[in-house]
Amino acid sequence: MPQILVEDLKKSFFVSQRSSGFFGSVKGLVQRKTTIVHALKGVSFSVEQGELVGYIGPNGAGKSTTIKILSGILVPTSGTCIIGGRTPWKDRIRHVSRIGVVFGQRSQLWWDLPVIESFDLLRDIYRVPDSGYRKTRQEMIDLLSLESFLYTPVRQLSLGQRMRCDFAAAMLHRPEILFLDEPTIGLDAVSKLAVRKFIKTLNKTHQVTTILTTHDMDDIEALCDRVIIIGGGEILCDGTLTALRSQVSSRRYLRIDLINDDFFFEEEGVNIISKDGRTVTLAFDPTKLSAASLISQVTSKNEVADLFVENPPIEEIVAELYAKSGGILY
Ligand SMILES: Nc1ncnc2c1ncn2[C@@H]1O[C@H](COP(=O)(O)OP(=O)(O)OP(=O)(O)O)[C@@H](O)[C@H]1O
């Protein structure tokens with residue numbers, strides 16, 4: 001039995017519409033129009049213990065709604081979800097003691113308290129035994145380099161420092177599953193790297209099952225072997241990054257740094273997709289023309305300083321997949 005089993009999960013929201021202006025407000029008091037938003041239209045997937053899965057898709061696709069249902073915050077309209085034998089929204093107290101949740105846009109720390117006091121409060125809330133708590137807290141302080149601001153009130157921390165503290169807070173009760181909703185949003189490059197390293201360490205050394213939603217495809221590239229793509233409330237694709245790439249197209253790019261400004265090349269099936277100064281990018285299909293023959297043709301006609309064969313960025317793959325499913329792009 002997988003650790004997380006989601007079957008045909010649906011969630012609809014009823015949204016009240018109100019006309020604008022004074023008369024619109026008055027009318028809204030007696031006659032309110034309601035529309036239904038189908039945020040999830042039958043989502044199914046399963047996750048094994050120790051997996052690190054990227055859950056990606058465009059704005060409004062249904063990522064946060066899924067995470068909220070999985071963490072017991074929202075009740076679905078229909079469908080089942082069994083996590084470690086529990087139904088999150090029916091067995092909330094037992095469930096929250098086994099999961100950790102980090103929302104990049106929100107903090108679970110107390111704004112006016114020093115970080116360490118927030119940690120102590122969470123220990124009391126989760127009833128973590130003192131010896132285990134001290135050991136875990138120290139491990140998190142070391143892993144996330146929190147020592148220098150442990151006694152600073154949360155409101156005075158930078159976003160990167162606050163996020164690192166939020167990660168530590170989510171781990172104090174040693175959850176077996178982590179739900180991360182946009183954990184690197186707004187972070188600078190150094191903090192992003194620190195957060196990614198932390199997620200990877202937890203997953204590898206403690207086998208913490210992790211579901212990560214993000215718009216940052218570098219997070220996905222750095223962390224996830226498997227990605228689930230959701231669009232318009234439906235799962236569009238579920239598999240490894242390699243399988244995902246090959247499902248959309250086998251296209252590769254050859255980036256060429258030239259010594260001179262001019263570029264001479266013409267070959268059927270190979271397109272010049274950009275020329276920026278002395279950098280040229282060609283798109284080609286390796287199943288029709290190998291990278292080795294393309295490189296030899298290019299170098300026979302041009303003076304080349306450097307060459308790189310690249311995969312299309314994941315953003316491009318997701319956009320293509322989404323467009324194929326009939327969705328409107330970001
Ligand atoms: N509480 C709510 N009331 C009404 N509609 C909602 C509510 N929460 C979400 N929705 C709607 O459900 C759909 C899915 O929203 P959700 O937040 O899950 O998307 P998302 O994939 O997380 O998007 P983003 O990447 O922008 O965070 C959207 O159309 C959104 O407007």
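Helices and strands here are DSSP runs, numbered from the N terminus. By that numbering, arginine 174 sits in the loop between H6 and strand S6 (177–181). The structure is a predicted model. Its chain holds 11 helices and 13 strands, and the model scores ipTM 0.97 and pTM 0.82.

**Chain and confidence**

- The C-alpha trace spans about 70 × 55 × 50 Å along its principal axes.
- Of the 330 residues in the chain, 32% are buried.
- Taking contacts between residues at least 6 apart in sequence, 72% join residues at least 24 apart.
- The average pLDDT of the chain is 90, and 97% of the residues score at least 70.
- Confidence is highest in strand S4 (residues 78–83), with a mean of 97, and lowest in helix H1 (residues 21–30), with a mean of 70.
- Where pLDDT is low, the predicted coordinates should not be read in detail.

**Helices H6 and H7**

- Helix H6 (residues 159–171) and helix H7 (residues 189–206) have axes that come within 10 Å and cross at roughly 10 degrees.
- Angles under 35 degrees count as roughly parallel, so H6 is roughly parallel to H7.
- On the H6 side, the contact is formed by Gly160, Met163, Arg164 and Phe167; on the H7 side, by Ser191, Ala194, Val195 and Phe198.
- Five of the residues in this contact are nonpolar, two are polar and one is charged.

**Arginines with positive phi**

- Arginine 127 has a phi near 50 degrees, which is positive although the residue is not glycine.
- The loop that holds arginine 127 runs between helix H4 (115–126) and helix H5 (130–144).
- Arginine 127 is exposed because 9 other C-beta atoms lie within 10 Å.
- Arginine 174 also has a positive phi in a residue other than glycine, near 55 degrees.
- Arginine 174 has 17 C-beta neighbours inside 10 Å and therefore counts as partly exposed.

**Serine 97**

- Serine 97 is in the loop between helix H3 (92–96) and strand S5 (99–103).
- Because serine 97 has 14 C-beta neighbours inside 10 Å, the residue counts as partly exposed.
- Leaving out residues up to four places away in sequence, serine 97 touches Tyr126 and His173.

**Phenylalanine 263**

- Phenylalanine 263 is in the loop between strand S10 (252–258) and strand S11 (271–276).
- With 17 other C-beta atoms within 10 Å, phenylalanine 263 is partly exposed.
- Leaving out residues up to four places away in sequence, phenylalanine 263 touches Leu258, Lys275, Val280 and Asn302.
- Phenylalanine 263 and threonine 87 are 176 residues apart along the chain, and their C-alpha atoms are separated by 61 Å.

Methods: Residues are numbered from 1 along each chain as its sequence is written. This is a predicted model: local features need pLDDT of at least 70, side-chain atom pairs count only at pLDDT 80 or more; totals for chains, interfaces and linings use all residues. Axes are lines fitted to C-alpha atoms, for helices over the stretch in contact, and angles run from 0 to 180 degrees between N-to-C directions. Helices (H or I, at least four residues) and strands (E, at least two) are DSSP runs, numbered from the N terminus. Angles under 35 degrees count as roughly parallel, over 145 as roughly antiparallel, 65 to 115 as roughly perpendicular and the rest as oblique. Two residues are in contact if their C-beta atoms, placed from the backbone, lie within 7 Å. Ala, Val, Leu, Ile, Met, Phe, Trp, Tyr, Cys and Pro count as nonpolar, Asp, Glu, Lys and Arg as charged, and the others, Gly among them, as polar. A residue is buried if 20 or more other C-beta atoms lie within 10 Å of its own, exposed if 12 or fewer, and partly exposed in between; C-beta atoms are placed from the backbone. pLDDT is the predictor's confidence in each residue, from 0 to 100.
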